[in-house]
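Reader: I would like to learn how to read a few features of a structure. Please give the general idea, then the case.

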Amino acid sequence: MNTQTSQTHLIVRGSILHFLQDPGLYPDAESYRYLDDGYLWLADGYVRATGAWDALGDVPAPVRNVAEWADHSGQLILPGLVDTHMHYVQAGMIASFGCRLLDWLNDYTFPAEAAFTHPEVAAETARFVVERLLAHGTTTASVFGSVHPQSVDAFMAEAQRRGLRMLCGKAMMDRHCPPEVRDTAERSGRDSQDLIDRWHGKDRLRYTITPRFAPTSTPEQLAIAGQLYQSRPDLHVQSHLAENDKEVAWVAELFPDQRDYLDVYEHYGLTGPRTIYGHCIHLTEREQLAMSQSGTAAAFCPTSNLFLGSGLFDYHGMAKSGVRVGLATDVGGGTSFSMIRTLAEAYKVSQARHHALSPLRGWYLATLGGARALYLDGFIGNFEPGREGDFIVLKLDATPELAFRMDRTRTLAERLFALTILGDERCVAATYVMGQRIH
């Protein structure tokens, strides 16, 4: 039997865009590929090739004869969007009024997360969040659970059911939080190990060691988190770093022997490849350099940073120094599941920093940049042969405002920028996971 024809093939037509490098650091010819009328060929859910539609003959005739076809002519096809930092357990508290970070945690976050002691709450929320992520075109995310192991079980089970590449971890907190969301250093290590055994490497899932942030973990718990991270070569770490000025001062009081906030995580072995920290606003030059040298990534969370009044992330400076950066919604401090809306706010934050975020670099940040920040770019993030076939289809005239503006654009960059500023989930015409349309 011909191996090619025994596979399942999908050929998709549309305007295809994907990135090979950061457009802010490389010239156009090296950083992205765009086909105004092109094809995307997948076999058994994996990318085989892209090309111009008038060169479709490059796909072998036996494949074309058995392939399924999806015609999205005139619509933009991109790799699935990557959200590098979000709290699924906070979905029910988005748009809670009027606090800065530390008060917001006590007034809203901890009470909301306490409900996840009930497995039925976790299951209902996981179903809702996964469905909304897919509706918004997000196919991969780095996800915080609550302190309760069942919160991770529920999210992982739902992600596995939909065939998604997802990261998730149980929050580790053994001090400075209410009893309902507090564990112990020993129990957090045991529960995390059980979840690693249960979920890590199952289908497309990976486990992330998740100390919430330094103030809510004792030195003993941070040491256990570091030991877990070092125990296997493919585990991930996620937490928070330098989000708020009062938080930074608090960390200095709690850990007087460390040079700065990042040094707390460095001391306990929680920096390096596959580690990512949300926010990273109030960093010293030493911290920024140390992140670059160690391969520690940052999650750019513009909507939550603005909503909580935390500050303005320096994307230009971080990227220039070589820090891996991904875009993140940070739901529920963040105000939307939409990576498109989040990208619009990232542009505004960068404007306030006096470094415009170009439209091409913005969409890189939401796709390949996010995959690189999570160290998943060997699997997802672009349409290089062998990548997993997660992609979305965006309708550029989804609203009258967009259609009116698009009629007046001349270049790809102008269309991408209009999509960034005027677009939202109404633009997501379809979401595919491993070559299967699931939304």
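Author: Helices (H or I, at least four residues) and strands (E, at least two) are DSSP runs, numbered from the N terminus. This is a predicted model, in which local features need pLDDT of at least 70, side-chain atom pairs count only at pLDDT 80 or more, and totals for chains, interfaces and linings use all residues. Residues are numbered from 1 along each chain as its sequence is written, and side-chain values use heavy atoms, with hydrogens and water left out.

Reader: In which helix is Ala366, and is Ala366 buried or exposed?

Author: Buried means under 20% relative accessible area, exposed over 50%, and partly exposed in between (1.4 Å probe, protein chains only). Ala366 belongs to helix 15. Ala366 counts as buried because its relative accessible area is 1%.

Reader: Which residues does Ala366 touch?

Author: Contact means heavy atoms within 4.5 Å. Not counting residues up to four places away in sequence, Ala366 touches Gly80, Leu81, Val82, Leu327 and Met339. Leu327 is 39 residues from Ala366 along the chain, yet their C-alpha atoms are separated by 5.7 Å.

Reader: How is a pocket found, and what is the volume of the largest pocket?

Author: Rolling a probe the size of a water molecule over the atoms shows where empty space is left. On a 1 Å grid over the protein atoms alone, a cavity is a set of points where a 1.4 Å probe fits but cannot get out; a pocket is an open set with protein on both sides within 12 Å along at least five of seven lines, and lining residues have an atom within 4 Å of a point. Grid points are joined across faces, edges and corners, and a volume is the space filled by probe spheres set on the points. Here the largest pocket has a volume of about 250 Å³.

Reader: Which residues lie nearest the centre of the largest pocket?

Author: Asp22, Val323, Arg324, Tyr364 and Arg372 do, out of 14 lining residues. Helix 15 provides the largest share of this lining, 3 residues. Helix 13 (315-320) and helix 15 (359-373) each supply at least two.

Reader: And what of the second largest pocket?

Author: Its volume is about 200 Å³. Among its 16 lining residues, Tyr34, Gly74, Leu396, Met406 and Arg415 are the closest to its centre. Two or more lining residues come from each of strand 2 (32-43), strand 4 (68-79), helix 16 (400-406) and helix 17 (412-422). Helix 17 gives the most to this lining, with 4 residues.
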